[in-house]
Amino acid sequence: MAGEIRVSHVDLAAQYAEEREDLRRIFDRVMASGQLIGGPDVEGLEADLRAYLGVGQVVALNSGTDALAFALIALGIGAGDEVITPPNSFVASTAAVIEAGARPVFVDVLDDQNIDPGRIEAAISPRTRAIMPVHLTGRVAMMDEILAIAARHRLRVIEDAAQAIGSRHRGRFAGTIGDVGCFSAHPLKNLNAAGDGGFVATNDAALADQVRLLRNHGLADRNTVTRFGRVARMDALQAAILRYRLGRLDSIVERRRRNVAIYHETLNSNLVFVPPERPHEFIAHHTLVVQVDRRDALRGHLAGLGYGTAIHYPIPIHLQPAAASLGYRRGDFPVCERQAERILTLPIHPWVAEADIRGIARATNDFLGAG
Ligand SMILES: Cc1ncc(COP(=O)(O)O)c(C=O)c1O
């Protein structure tokens with residue numbers, strides 16, 4: 001029987017312990033201000049994110065899911081249109097395409113789990129309007145190739161950068177390379193709110209204006225509704241927490257990168273596939289997803305030693321019951337389907353002790369080596 005999990009792949013209580021006094025002061029200040037939706041904290045966060053990402057427009061929202069849906073809707077993508085995207089994301093990227101009224105068209109992935117640009121052109125039809133790469137785990141998809149295909153076929157590029165705040169590709173931040181980047185500030189993300197949150201980043205001012213309308217009932221001013229929208233604003237409390245945590249993001253990322261480096265050093269590369277960082281990349285690791293044989297048995301073994309792991313994601317989206325009407329079948333995306341049986345997320349959060357990382361890596365080597 002598995003013992004108690006001592007090291008988990010997330011530890012929000014440890015984060016709170018480190019930030020407690022500061023967060024309490026923030027709570028007090030925002031509550032006393034009485035400005036709980038919109039206002040200076042939200043505008044301040046948008047300005048800080050513009051400066052951090054080096055982008056012209058940021059619109060703060062209540063989730064990464066709405067960031068994706070609004071980006072599509074603001075670009076005029078909807079009924080009758082197709083959007084190319086990978087099938088191994090968190091469900092929200094595909095769900096956003098459905099919410100916009102368009103059809104997701106899946107393309108298989110590379111060994112690093114990101115969309116395979118070599119397969120995109122075969123999936124383009126006269127109805128294709130956009131490519132939505134997902135920068136899974138924090139690793140930026142092959143953006144040079146994706147942008148070239150998009151330019152050739154006059155397609156929009158919507159980056160799902162929900163997991164990739166702080167990652168860079170040839171020096172440019174994830175989420176600022178295509179037409180629009182969509183970010184999540186969910187509690188489990190590297191830049192995390194104390195609840196749901198998200199934002200879009202773009203250099204397209206007209207697109208940002210449409211997202212601003214969509215997040216706030218379509219109100220252009222207090223009494224004028226220029227398009228029907230809904231409510232998807234970020235709370236001031238979340239914005240204030242995110243401003244504070246944005247100031248700590250680089251150090252969080254460095255601590256995660258250091259932990260990943262220890263795994264690279266300790267894991268036996270003959271037994272465990274860890275996608276490497278390419279020379280033009282800087283990965284702000286959200287998760288470390290390795291690929292192994294006998295994944296489920298290894299997971300049980302690690303749990304028995306007190307090491308918690310996760311699987312991101314065990315069921316590809318095209319095989320989910322909700323996707324039945326899209327008409328895909330098992331076998332359509334063999335790389336993604338095989339990865340779903342081999343992927344394992346190891347703990348890399350900043351509060352894991354180095355000894356535990358080495359312990360997890362050695363236990364993994366021993367278990368797989370003995371198989
Ligand atoms: C790849 C990806 N896309 C979209 C989302 C949706 O973000 P949110 O949970 O903030 O709606 C997430 C995270 O949850 C994600 O990991």
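Biologist: How many residues does helix α8 have, and what distance does α8 reach from its first C-alpha to its last?

Modeller: This is a predicted model. Helix α8 covers residues 249-266, and at 1.5 Å a residue a reach of 26 Å is expected. The computed reach is close to that expectation: α8 has 18 residues and, from first C-alpha to last, reaches 26 Å.

Biologist: Why do the buried residues of α8 line one face of the helix?

Modeller: The buried residues of this helix are V253, R256, N259, V260 and Y263. On the other side of α8, D250, S251 and E265 are exposed. The buried residues line one face because, seen down the axis of α8, they fall within an arc of 125°.

Biologist: Which elements do the buried residues of α8 pack against?

Modeller: V253 and Y263 are among the buried residues of α8. The packing partners of the buried set are two strands and a helix, namely β13 (288-291), β14 (343-346) and α11 (354-370).

Biologist: Of the residues around the ligand, which come nearest?

Modeller: There are 15 residues around the ligand. By class, this shell has four nonpolar, nine polar and two charged residues. Those that come nearest are S63, G64, T65, A162 and S184.

Biologist: Which elements give two or more residues to the shell around the ligand?

Modeller: G64 and T65 are among the residues that come nearest to the ligand. The elements that give two or more residues to the shell are α3 (64-74) and α4 (92-100).

Biologist: In the open sheet of three strands, which are the edge strands?

Modeller: The strand order is β7-β6-β12, with antiparallel pairing. β6 (residues 168-169) and β7 pair over two bridges, and R172 in β7 is the bridge partner of H169. An edge strand pairs on one side only, which holds for β7 (172-173) and β12 (281-282).

Biologist: Is A164 buried or exposed?

Modeller: A164 has its place in the loop between β5 (156-160) and β6. A residue counts as buried if 20 or more other C-beta atoms lie within 10 Å of its own. A164 has 30 C-beta neighbours inside 10 Å, so A164 is buried.

Biologist: Which residues is A164 in contact with, leaving aside its neighbours within four places in sequence?

Modeller: M142 lies 22 residues from A164 along the chain, and their C-alpha atoms are separated by 14 Å. With sequence neighbours within four places left aside, A164 is in contact with H135, G138, V140, A174, G175, A284 and H286.

Note on methods. Residues numbered from 1 in each chain as written. Predicted model: local features only at pLDDT ≥ 70, side-chain atom pairs only at ≥ 80, totals over all residues. Helix = DSSP H or I, 4+ residues; strand = E, 2+ residues; numbered from the N terminus. Expected span 1.5 Å × (residues − 1). Buried ≥ 20, exposed ≤ 12 C-beta atoms within 10 Å, placed from the backbone. Arc of directions from axis to C-beta. Contact = placed C-beta atoms within 7 Å. Near = placed C-beta within 6 Å. Nonpolar A, V, L, I, M, F, W, Y, C, P; charged D, E, K, R; others polar. Pairing = 2+ DSSP bridges.
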